[in-house]
Structure formats: C-alpha cells, structure tokens
Amino acid sequence: MRLGVCVAHDVFISYAREDRPRVEKIAKLLESRGHKVWWDPKIQTGSGFRAEISEALAGSRAVVVVWSRFSVTSRFVCDEAD
C-alpha cells in the first residue's frame, strides 16, 4: 500500500472504449474470483471524471491495461498506464 493512500480496489482496468465488450468479460471474471474491480462504468454521474479516475488509480492494488489497436492511440489509456 502506498503511504497515505487508502486501498479501495484490488484492480483498476484501463482500456479504450472500443474494447468495452472484452473488458466487461475480464472485469466480471476478476469479480467472480473475489477481486474488487474498478473500471469506468463505475464513474458516478456528475462527478469530475479525471479526479475520480486519479483517486481510483491511487487506491488500487494493481492496474490492468488492456492493450489493443485502439488503446495504443488513446491518450487516456497511455496516461493511466504511466
């Protein structure tokens, strides 16, 4: 655990929107194995998405980046991976 950061999720999943159907399967599989997963459908309506994503990234034990022909060109996915 990072100093001063409360771990709220086991896994944060970063992906390109075009890959959502595949990512949903991955998220469900991880959840079925008992992991608490965060991915962007969990963003609350009306919230500042950048702040919420930053908080979720900081509060996750692991980050899974789904690399695809779409995600390699996504500034958001690359930023989250960094």
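Begin by selecting Arg-61, which counts as exposed because its relative accessibility is 60%; exposed means over 50% relative accessible area, buried under 20%, and partly exposed in between, computed with a 1.4 Å probe on protein chains only. The model is a predicted one, in which local features need pLDDT of at least 70 and side-chain atom pairs count only at pLDDT 80 or more, while totals for chains, interfaces and linings use all residues. Residues are numbered from 1 along each chain as its sequence is written, and side-chain values use heavy atoms, with hydrogens and water left out.

**From Arg-61 to its partner**

A salt bridge here is a side-chain nitrogen of Lys or Arg within 4 Å of a carboxyl oxygen of Asp or Glu. Arg-61 belongs to strand β3 and Asp-10 to strand β1, so this pair, 51 residues apart, links distant parts of the chain. Asp-10 counts as partly exposed, at 23% relative accessibility.

**The whole chain**

Next, colour the model by secondary structure. The protein has three helices and three strands, and along the sequence they follow the pattern β-α-β-α-β-α. These elements are DSSP runs numbered from the N terminus: helices are H or I runs of at least four residues, and strands are E runs of at least two. Of the 82 residues in the protein, 32% are buried.

**The sheet**

Select the three strands together. They form an open sheet in the order β2-β1-β3, with parallel pairing. Which strands stand at the edges? They are β2 (37-38) and β3 (60-65); each has a single partner strand, so one side of each is left without a neighbour in the sheet. β1 and β2 pair in the parallel sense over two bridges, and two strands count as paired if DSSP finds at least two bridges between them.

Then show α2 (residues 49-58), which lies across β1, β2 and β3 and runs at about 110 degrees to β3.

Return to α1 and select its end C-alpha atoms. They are 18 Å apart, which agrees with the 18 Å that its 13 residues should span at 1.5 Å a residue; the expected span is 1.5 Å times one less than the number of residues. After α1 comes Gly-34, whose phi is positive, near 95 degrees.

**Two further salt bridges**

Within α1, select Lys-28 and Glu-24. They form a salt bridge, with the closest N and O atoms 3.4 Å apart. Because they are four residues apart in helix α1, about one helical turn separates them. An α-helix has 3.6 residues a turn, so residues three or four places apart point the same way. Lys-28 is exposed, with a relative accessible area of 51%, whereas Glu-24 counts as partly exposed at 30%.

Move to Asp-19, in the loop between β1 (9-14) and α1 (20-32). Is Asp-19 buried or exposed? Asp-19 is buried, with a relative accessible area of 3%. The side chain of Asp-19 meets that of Arg-22 in a salt bridge, at 3.5 Å from N to O, and Arg-22 is partly exposed at 47%. Leaving aside neighbours within four places in sequence, Asp-19 is in contact with Ser-68, Phe-70 and Ser-71, where contact means heavy atoms within 4.5 Å.

**The nonpolar cores**

Select Val-11, Ile-13, Tyr-15, Val-23, Ala-27, Val-37, Trp-39 and Val-66, the eight residues of the largest nonpolar core. β1 and α1 are the elements that give two or more residues to this core. A second, separate core of five residues includes Trp-38, Ile-53, Ala-56 and Leu-57. A nonpolar core is a set of buried Ala, Val, Leu, Ile, Met, Phe, Trp, Tyr and Cys residues joined through side-chain atoms within 4.5 Å.

**Last stop**

Finally, select Ser-60 in strand β3. Ser-60 counts as buried, at 2% relative accessibility. Its C-alpha atom is separated by 8.2 Å from that of Trp-38, 22 residues apart along the chain.

Methods
Axes are lines fitted to C-alpha atoms, for helices over the stretch in contact, and angles run from 0 to 180 degrees between N-to-C directions.
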